[in-house]
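Take a walk through this chain, one piece of architecture at a time. Keep the sequence and the 3D view side by side.

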Amino acid sequence: LMKRKDAVIQSVLDLETEFEEIHLIDLGDFTDGFNAETTRGGHKLAQNMTNREQFENAFKFKTSLLIELQERFCVKIVNHNAINCNHSADLDYIVNTSVKDYVERYGIEVINHEKFLDYYTHYNHAFILSHGKDEKHQKFGLKVHLDNKGMVLLEDYVRVNNLSGRITVEKGDSHQQLIDECTSKVFDYNNYFAFSPPSGWVQTNFGSSKSGFNLMVINSKNNNKQLTTIPFNI
């Protein structure tokens with residue numbers, strides 16, 4: 001985990017770009033369940049850490065990542081966390097609230113998004129954040145390939161919240177990456193890799209899968225954005 005943290009920092013350095021701000025987006029299931037169950041209960045998870053070990057490792061990872069980014073780049077650091085998720089909502093809330101209290105003394109901003117869908121705007125860009133499944137109701141959430149039900153939900157959300165400019169839906173959950181800029185005329189629909197390697201259960205039932213992260217550079221003067229995908233080999 002800490003090797004992957006170092007890879008993230010190095011990849012940002014490799015861009016050789018002067019940033020105004022750096023935003024770290026966590027799309028949920030940061031930890032993997034509580035008492036080896038998902039949020040709805042009844043679904044046992046083959047975990048290799050206790051609740052306490054999960055908290056300790058997650059807290060260490062995220063605080064060190066945020067602080068090291070600030071030290072390396074000397075710019076404003078903002079962390080957005082989609083904590084309404086199906087594996088670990090309460091534990092993610094506990095971890096990220098603790099992280100928030102700790103890193104704010106360094107001037108780092110942490111925003112914990114507790115709604116299934118939430119958004120923030122930055123210049124001419126709007127980002128809708130969602131884990132993809134919620135902590136209570138959805139056994140089947142937003143799909144990797146956007147269907148009509150998901151399209152109606154998201155386009156209504158854009159309309160009700162008066163979002164404009166370049167709109168990007170950022171979604172986790174599926175552990176599959178699909179960048180879709182065509183299905184909706186209103187927004188781009190981005191599904192991302194999992195940051196963690198596939199579990200034994202995933203490999204047994206679905207085969208091995210890639211893991212990694214993405215870097216998005218947006219332009220403050222127009223709608224342009226550049227997405228770079230970095231799969232892990234560690």
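Predicted model: local features only at pLDDT ≥ 70, side-chain atom pairs only at ≥ 80, totals over all residues.

Start with the helices. Helix H1 covers residues 2-14, and helix H2 covers residues 51-73. The two pack at an angle of about 25°, with their axes 10 Å apart. Angles under 35 degrees count as roughly parallel. H1 and H2 are therefore roughly parallel to each other. Their crossing is right-handed.

Which residues make this contact? From H1 come Met2, Lys5, Asp6, Val8, Ile9, Val12 and Leu13. They meet Lys60, Phe61, Ser64, Leu65, Glu68, Leu69, Arg72 and Phe73 in H2. By class, the residues of the contact of H1 with H2 divide into 9 nonpolar, 1 polar and 5 charged.

Now look at H2 by itself. Is its length in line with its residue count, or out of line? H2 has 23 residues, and at 1.5 Å a residue it should span 33 Å. The C-alpha atoms at its ends are 33 Å apart, so the two values agree. Just after H2, Cys74 takes a positive phi of about 55°.

Move on to the sheet with strands S1, S2 and S3. This sheet is open, has 3 strands in the order S1-S2-S3, and its pairing is parallel. Strand S1 (21-26) and strand S3 (109-113) stand at the edges. Each has a single partner strand, so one side of each is left without a neighbour in the sheet. Neighbouring strands of this sheet are turned by 15° against each other on average, direction ignored.

Strand S2 takes up residues 76-82. S2 and S3 pair in the parallel sense over 5 bridges.

Glu170 stands opposite Asn190 in S8.

Finish with strands S9 and S10. Strand S9 spans residues 212-218, and strand S10 spans residues 225-231. How do they pair, parallel or antiparallel? S9 and S10 pair in the antiparallel sense, over 7 bridges. A hairpin joins S9 to S10 through 6 residues. For a landmark, take Met216: its bridge partner in S10 is Leu227.

Terms used
Residues numbered from 1 in each chain as written. Heavy atoms only, no water. Axes fitted to C-alpha atoms, helices over the stretch in contact; angles between N-to-C directions. Helix = DSSP H or I, 4+ residues; strand = E, 2+ residues; numbered from the N terminus. Parallel < 35°, antiparallel > 145°, perpendicular 65-115°, else oblique. Left-handed = near helix turned anticlockwise from the far one by under 90°. Contact = heavy atoms within 4.5 Å. Nonpolar A, V, L, I, M, F, W, Y, C, P; charged D, E, K, R; others polar. Pairing = 2+ DSSP bridges. Expected span 1.5 Å × (residues − 1).
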